Amino acid sequence: RVGRLGAIWWARRHGIPVLLWTLNTPELIRKAWRSSSIWAFTTDYPRLALRLREAVAPSDRGSGTRRR
């Protein structure tokens, strides 16, 4: 189960980084890359995550300055 929206909202509002694990589906990984609320995530499929990161346009990656 992915982090609950309320918890993510609360953390963002209080300046607390959000880390999710374990995102293993393309849909969830894409959502994490696009979200400005998610600071980091883990996956059992790092090559897939890197491929999907390249497919997400920089303007779709939240602030575009975070590193994961």
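**Exercise 1. Determine the hand of the crossing of H2 and H3, and describe how the two helices meet.**

Solution. The crossing of H2 and H3 is right-handed in this predicted model.

Step 1: geometry. Two packed helices are described by the angle between their axes and the distance between the axes. Helix H2 covers residues 26-34 and helix H3 residues 46-55; their axes come within 10 Å and cross at roughly 50°. H2 is therefore oblique to H3.

Step 2: residues in contact. On the H2 side the contact is made by Pro26, Ile29, Arg30 and Trp33. Their partners in H3 are Leu48, Ala49, Leu52 and Arg53.

**Exercise 2. State how many helices and strands the chain has, and give their pattern along the sequence.**

Solution. Step 1: count the elements. There are three helices and two strands in the chain.

Step 1: order them. Along the sequence the pattern reads α-β-α-β-α.

Step 2: The chain has 68 residues, of which 26% count as buried. Taking contacts between residues at least 6 apart in sequence, 35% join residues at least 24 apart.

**Exercise 3. Find the aromatic pair of the structure and classify the arrangement of the rings of Trp33 and Phe41.**

Solution. Step 1: count. The structure holds one aromatic pair.

Step 1: classify. The ring centres of Trp33 and Phe41 are 5.0 Å apart. Their planes stand at 75°, and a value over 60 counts as edge-to-face, so the pair is edge-to-face.

Step 2: check accessibility against the cut-off for buried, under 20%. Trp33 has a relative accessible area of 5%, so Trp33 is buried. Phe41 has 16% relative accessibility and therefore also counts as buried. Trp33 also belongs to the H2 residues that meet H3.

**Exercise 4. Decide whether Leu28, Ile38 and Ile16 are buried, partly exposed or exposed, and place each in the chain.**

Solution. Step 1: Leu28. This residue is found in helix H2. Its relative accessibility is 26%, so Leu28 counts as partly exposed. Leu28 and Ala49 are 21 residues apart in sequence, and their C-alpha atoms are 9.9 Å apart.

Step 1: Ile38. The loop between H2 and strand S2 (40-41) contains Ile38. With a relative accessible area of 5%, Ile38 is buried. Its C-alpha atom is separated by 7.1 Å from that of Pro17, 21 residues away along the chain.

Step 2: Ile16. The loop between helix H1 (5-13) and S1 holds Ile16. A relative accessible area of 40% makes Ile16 partly exposed. Leaving aside neighbours within four places in sequence, Ile16 is in contact with Trp10 and Ala11. From Ile16 to Trp39, 23 residues apart in sequence, the C-alpha to C-alpha distance is 9.2 Å.

**Exercise 5. Is the peptide bond from Trp21 to Thr22 cis or trans?**

Solution. Step 1: background. Most peptide bonds are trans.

Step 1: read omega. For the bond from Trp21 to Thr22, omega is near -20°, and the bond is cis.

Step 2: locate the bond. Thr22 lies in the loop between strand S1 (19-20) and H2.

Methods:
Residues numbered from 1 in each chain as written. Predicted model: local features only at pLDDT ≥ 70, side-chain atom pairs only at ≥ 80, totals over all residues. Heavy atoms only, no water. Axes fitted to C-alpha atoms, helices over the stretch in contact; angles between N-to-C directions. Helix = DSSP H or I, 4+ residues; strand = E, 2+ residues; numbered from the N terminus. Parallel < 35°, antiparallel > 145°, perpendicular 65-115°, else oblique. Left-handed = near helix turned anticlockwise from the far one by under 90°. Contact = heavy atoms within 4.5 Å. Phe/Tyr/Trp six-rings, centres within 6.5 Å; stacked < 30°, edge-to-face > 60°. Buried < 20%, exposed > 50% of the residue type's maximum accessible area, 1.4 Å probe, protein only.
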